Amino acid sequence: MRSIAMDSNHQSNYKLSKTEKKFVRKQMKARHTLLRHEGIETVSSATQILVVANGGLGNGVSRNQLLPVLEKFGQVDALLMPPNKPYSFVRYKTVEESMKAYDALNGKEIVDDLGQKIILYFNFVEKAQWKELGLQALPPGLMVIEEIISSEDEKILLESVNWTEDTDNQNFQKSLKHRRVKHFGYEFQYENNNVNKDKPLPGGLPAIYDSILEKWLKEGFISYKPDQLTVNQYEPGHGIPAHIDTHSAFEDEIVSLSLGSEIVMDFKHPDGVTVPVMLPRRSLLVMTGESRYLWTHGITPRKFDTVQASKSHKSGIITSDVGDLTLNKRGIRTSFTFRKVRQTPCNCGYPWVCDSQMKEPPPSFPESDREASQLEQEYVHRVYEEIAGHFSSTRHTPWPYIVEFLKALPSGSLVADIGCGNGKYLGINKELYMIGCDRSQNLVDICRERQFQAFVCDALAVPIRSGSCDACISIAVIHHFATAERRVAALQELVRLLRPGGRALIYVWAMEQEYKKRKSKYLRENRIGQENWDRLSGALVELAWDASGPVRISHKRASDTAFYS
């Protein structure tokens with residue numbers, strides 16, 4: 001594609017084609033994204049440095065894939081690929097070489113590591129500097145031993161796991177949502193993250209592991225022989241939520257053998273420090289002390305891991321050196337996690353996170369509006385800011401009743417979505433004028449990237465003129481308020497926005513719900529977990545507004561199968 005984005009005078013005298021207009025829009029969007037995320041402005045004059053939009057680790061483009069394309073147009077001094085970002089930076093030896101790449105590659109297609117076509121967009125920048133974290137250390141008590149077994153032993157162990165055996169066998173475990181799993185010695189109960197110490201599984205640990213465990217004991221990698229084993233098989237794209245193995249269930253030492261494929265496991269300290277650790281194929285992860293009791297560990301569900309590009313780097317911490325990062329495609333990984341069941345209460349040095357030492361506090365309620373606001377700031381606002389990207393990726397399917405409500409509104413209606421999230425309802429009915437608001441800046445940014453009208457505000461104080469909306473929707477928002485008084489205030493704010501005759505649709509989780517005269521499994525067992533997610537039904541309340549005030553039109557209970565996100 002001809003270079004058309006640098007000369008604005010030329011654009012004013014030249015009528016752009018439809019394809020060229022699309023190209024300019026995409027380039028402008030790339031500039032705004034870079035400015036918003038990194039504070040880096042693009043420039044109109046040519047420089048040695050180019051930003052490559054759509055050419056980043058965050059959208060599936062690896063260093064090995066991008067670098068050869070760039071090197072066709074000159075000597076590349078550096079290729080910086082920030083983790084999880086959809087863009088990268090390339091610095092050429094000369095300005096002339098960067099101009100060649102700009103002219104030749106702008107708007108060109110490449111194929112990413114998943115086989116999908118991606119169009120690259122280039123802009124010039126003056127500088128590309130990156131704040132890198134200082135050298136991190138492994139969490140205290142954590143150790144990774146490479147090549148702990150031979151490739152022959154790996155094959156034998158993988159073949160010893162029978163995933164198709166008779167379901168009557170007590171060691172058989174049905175597949176979980178994100179992986180296949182089997183237990184030996186004791187069954188791990190995901191509903192309470194514990195084991196039944198009075199009901200060991202027949203047969204104990206298979207004899208095939210005896211010689212391996214004895215060798216690890218002799219060489220000092222483990223301190224005692226385990227009596228519980230969990231075998232997990234992960235397909236590419238699968239993972240496990242961040243967690244700490246229950247203190248009261250297992251002794252200090254937990255070890256995990258990785259076979260079949262390498263993986264990056266994330267360790268996170270309560271103060272927010274995250275350390276990504278590469279676990280190579282045939283390596284042994286040993287967690288003791290602080291790393292076992294205090295740090296969470298988990299595997300992000302994705303098909304590629306961000307890893308060091310250096311061939312010499314195998315295990316250990318994935319550094320933040322953006323000049324040495326690339327993507328590594330995941331394979332099928334099977335983990336063998338060995339633990340020893342604890343027979344006495346845990347008396348570790350971390351009582352504030354230890355279920356054996358923590359006393360269950362009585363339930364408390366906010367004593368003031370200020371305290372309620374602080375609770376929401378800590379446990380709602382902050383959380384949604386942190387998880388906005390992942391949250392958005394799981395919120396893509398509109399709920400049928402809400403779609404029905406929006407499509408039934410008259411053409412030209414002005415509709416406010418209060419707590420719009422990623423904006424999945426803002427584009428349902430093109431005949432409406434819809435505007436969204438949310439407390440999360442990151443979610444509002446996602447709405448704007450999707451070309452929706454959205455702004456940041458609190459649902460208790462929406463900056464829209466009273467009586468100006470034909471309809472309002474509030475979907476799964478009001479239950480986030482910490483007190484009944486604040487929930488009522490949120491309802492009153494919705495009513496304030498409506499014109500006489502206007503309608504509102506409100507959706508909240510109903511903790512007292514029953515479906516077909518039975519409480520959901522989720523509520524019966526009072527638990528939350530990725531392994532046992534049971535869809536909650538909600539309460540749908542539809543309101544209209546007349547001269548005397550709000551009038552409830554309908555109140556429905558949404559079935560478990562009818563609504564999902």
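At 11% relative accessibility, glutamate 493 counts as buried, where buried means under 20% relative accessible area, exposed over 50%, and partly exposed in between (1.4 Å probe, protein chains only). The structure is a predicted model, in which local features need pLDDT of at least 70 and side-chain atom pairs count only at pLDDT 80 or more, while totals for chains, interfaces and linings use all residues. Residues are numbered from 1 along each chain as its sequence is written, and side-chain values use heavy atoms, with hydrogens and water left out.

Glutamate 493 has a partner in arginine 496: their side chains meet in a salt bridge at 2.8 Å, N to O (a side-chain nitrogen of Lys or Arg within 4 Å of a carboxyl oxygen of Asp or Glu). Both residues belong to helix H11 (residues 484-497), three residues apart, or about one turn of the helix. Helices (H or I, at least four residues) and strands (E, at least two) are DSSP runs, numbered from the N terminus. Arginine 496 is partly exposed, with a relative accessible area of 27%. Elsewhere, salt bridges with shared partners join Glu147, Glu154, Arg281 and Arg282 into one network.

In general, side chains of opposite charge can pair when their charged atoms come close. By the rule given above, the count in this model comes to 16 salt bridges. One of them joins arginine 330 to aspartate 305, with the closest N and O atoms 2.9 Å apart. Arginine 330 sits in the loop between strand E21 (325-329) and E22, and aspartate 305 in strand E19 (residues 304-308), so this pair ties together parts that are 25 residues apart in sequence. Arginine 330 counts as buried at 6% relative accessibility, and aspartate 305 is buried too, at 1%. A further salt bridge is formed by arginine 382 and glutamate 378 (3.2 Å, N to O). These two residues both lie in helix H8, four residues apart, about one turn of the helix. Arginine 382 is partly exposed, at 33% relative accessible area, and glutamate 378 is partly exposed at 34%.

Aromatic rings come next. Rings of Phe, Tyr and Trp (its six-membered ring) pair if their centres lie within 6.5 Å; planes under 30 degrees apart count as stacked, over 60 as edge-to-face and the rest as tilted. By this rule the count comes to 13 aromatic pairs. Tryptophan 216 is buried, with a relative accessible area of 1%, and phenylalanine 338 is buried at 3%. Another aromatic pair, tyrosine 293 with tyrosine 350, is tilted: 6.3 Å centre to centre and 35° between the planes. Here, too, distant parts of the chain are linked, with tyrosine 293 in helix H7 (residues 289-293) and tyrosine 350 in the loop between E22 and helix H8 (369-393), 57 residues apart.

Finally, lysine 15 is exposed, with a relative accessible area of 75%. Lysine 15 lies in the loop between helix H1 (8-13) and helix H2 (18-38).
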